[in-house]
Amino acid sequence: SADKNTISFESFSEVEDQQASFAKIVCLQELGGMDSFVCGDENGLLYLLHKPEEASLEVVEHVKIDDGLKIRCAAFSLDDEWLAYCSSSINQTHNFAAVHKIVNGKPDSNISCELVHPMLVWDLSFSNDCSSSHISIATACEDKKVRIWKIAGLNDSKIPRHETTPLIEITSHTDSVLSINFSPCNSQLLASGGTSNKVFVHKFHGVDEWQDITIESHESDVTCLDWSNDFNTHKNDALASAGINDSFIC
C-alpha cells in the first residue's frame, strides 16, 4: 500500500497488517517457498520480510542501497539464488539494475553486478535458463529498448562489478518500455509492454534472432505482464496483461 505505507499478509479468513517505517512502497516480490518477501521504497531501502507460520510478519533485514536513490522494482530468480532491483538517482543521472547473490538469506554486496542504463529502468525479469555459471536477465527501459544481459563468471566469483553492454538490444517499442516478463516455463519467450499501449511477445530462435508477435488490445499504458507457470502445459503458454486505465485484463 503506497498510501498507508503498510504491507498486508492475507491468509484465507484473516488479514494481518505490518506497519513499519516504510516510505512509499513501490514493489513487493515473494521469495518462492520460503514465506519471505522483498519490498522496496522511495528512500532507497530494500526490506527482507519473513512470515513465520504462527507469528507476526517481521522485518528480518533491511538494506540501504544508497542515499538519493529510488527503488522501482525487485525480483528473485526462479531458483531464489539471486535478487535484482531497478534503481535511479532522484535527478535521474544514475540509472541501473543491480543483481546480488543471496547468501544466508541476505543479498551479498560482494557478489553483485550493476547493469548501467542511459535512462530509467522500469522493470526486470530473470530467465529460467540461469545456471551455476551464468544468469540471464531482461530489463525494460525508458529509452524504448528491451535489453537482455548475460552475466557469467559465477563459478569462480569473477562476476563483473559493472556491465554496460547487453547481450541483445530489442527496439520494437516506439515509446517507453514499462513492463517485462520471461515465461517461467520457456526461456525462449519474453513479453514486454509500454506506453505505446502494445504488448510484444519476443520469440527467440537463437542468440540474435527472434520473432515479434504484437498484441494491440489495450487502450492505455501496459504496466503489468504475467505468464502462466503451469509447467505441464508449457506448450500452450498463457500470458496476462493489464493496462493502467483499461479496467480489464487481456
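1. Starting with the contacts: in the protein chain, 40% of those between residues at least 6 apart in sequence join residues at least 24 apart. Contact here means heavy atoms within 4.5 Å. Please keep in mind that this is a predicted model, in which local features need pLDDT of at least 70, side-chain atom pairs count only at pLDDT 80 or more, and totals for chains, interfaces and linings use all residues. Residues are numbered from 1 along each chain as its sequence is written, and side-chain values use heavy atoms, with hydrogens and water left out.

2. The secondary structure is quickly summarised: the protein chain has 21 strands and zero helices. Both kinds of element are DSSP runs numbered from the N terminus (helices are H or I with at least four residues, strands are E with at least two).

3. On burial, 45% of the 250 residues in the protein chain are buried. The cut-offs are under 20% relative accessible area for buried and over 50% for exposed, with partly exposed in between (1.4 Å probe, protein chains only). The chain exposes about 12700 Å², and carbon and sulfur atoms supply 45% of that area. Accessible areas come from the Shrake-Rupley method with a 1.4 Å probe, and for residues only the protein chains shown count as cover.

4. Four strands in the order β11-β12-β13-β15 form an open sheet with antiparallel pairing; two strands pair if DSSP finds at least two bridges between them. Because β11 (121-126) and β15 (168-170) each have a single partner strand, they stand at the edges, and one side of each lacks a neighbour in the sheet. From one strand to the next, the twist averages 20°. The axes behind such angles are lines fitted to C-alpha atoms (for helices, over the stretch in contact), and angles run from 0 to 180 degrees between N-to-C directions.

5. Within that sheet, seven bridges link β12 (residues 134-141) with β13 (residues 146-152) in the antiparallel sense. As a landmark, look for Ser136, which stands opposite Lys150 in β13.

6. A second open sheet has four strands in the order β16-β17-β18-β19, again with antiparallel pairing. Its edges are β16 (177-182) and β19; each has a single partner strand, so one side of each is left without a neighbour in the sheet. Neighbouring strands here are turned by 20° against each other on average, direction ignored.

7. How are the strands of this second sheet connected? β17 (residues 189-194) and β18 (residues 199-206) run antiparallel and are joined by five bridges, with Val199 in β18 as the bridge partner of Gly193. The two form a hairpin with four residues between them, and Asn197 in the turn has a positive phi of about 70°. β18 also runs antiparallel to β19 (residues 209-215), over seven bridges, and a hairpin of two residues connects β18 to β19. Phe200 stands opposite Thr214 in β19.

8. His202 deserves a look. This residue of strand β18 is buried, at 0% relative accessibility. The side chains of His202 and Ser192 make a polar contact of 2.7 Å. A polar contact is a pair of N or O atoms within 3.5 Å; within protein, one must be able to donate a hydrogen and the other to accept it, and residues adjacent in sequence count only if both atoms are side-chain atoms. Leaving out residues up to four places away in sequence, His202 touches several others, including Val146, Ile170, Leu190, Trp210 and Asp212.

9. Ser187 sits in the loop between β16 and β17. Is Ser187 buried or exposed? At 19% relative accessibility, Ser187 counts as buried. Its side chain is joined to that of Gln188 by a polar contact of 3.4 Å. Beyond its neighbours within four places in sequence, Ser187 is in contact with Ser127, Asn128, Asp129 and Phe182.

10. Last, the cysteines. The count of disulfides is zero, where a disulfide is a pair of cysteine sulfur atoms within 2.5 Å. Cys73 is in no disulfide, and the nearest cysteine sulfur, that of Cys86, is 3.1 Å away. Cys86 is likewise in no disulfide. Cys73 is buried at 8% relative accessibility, and Cys86 is buried at 0%.
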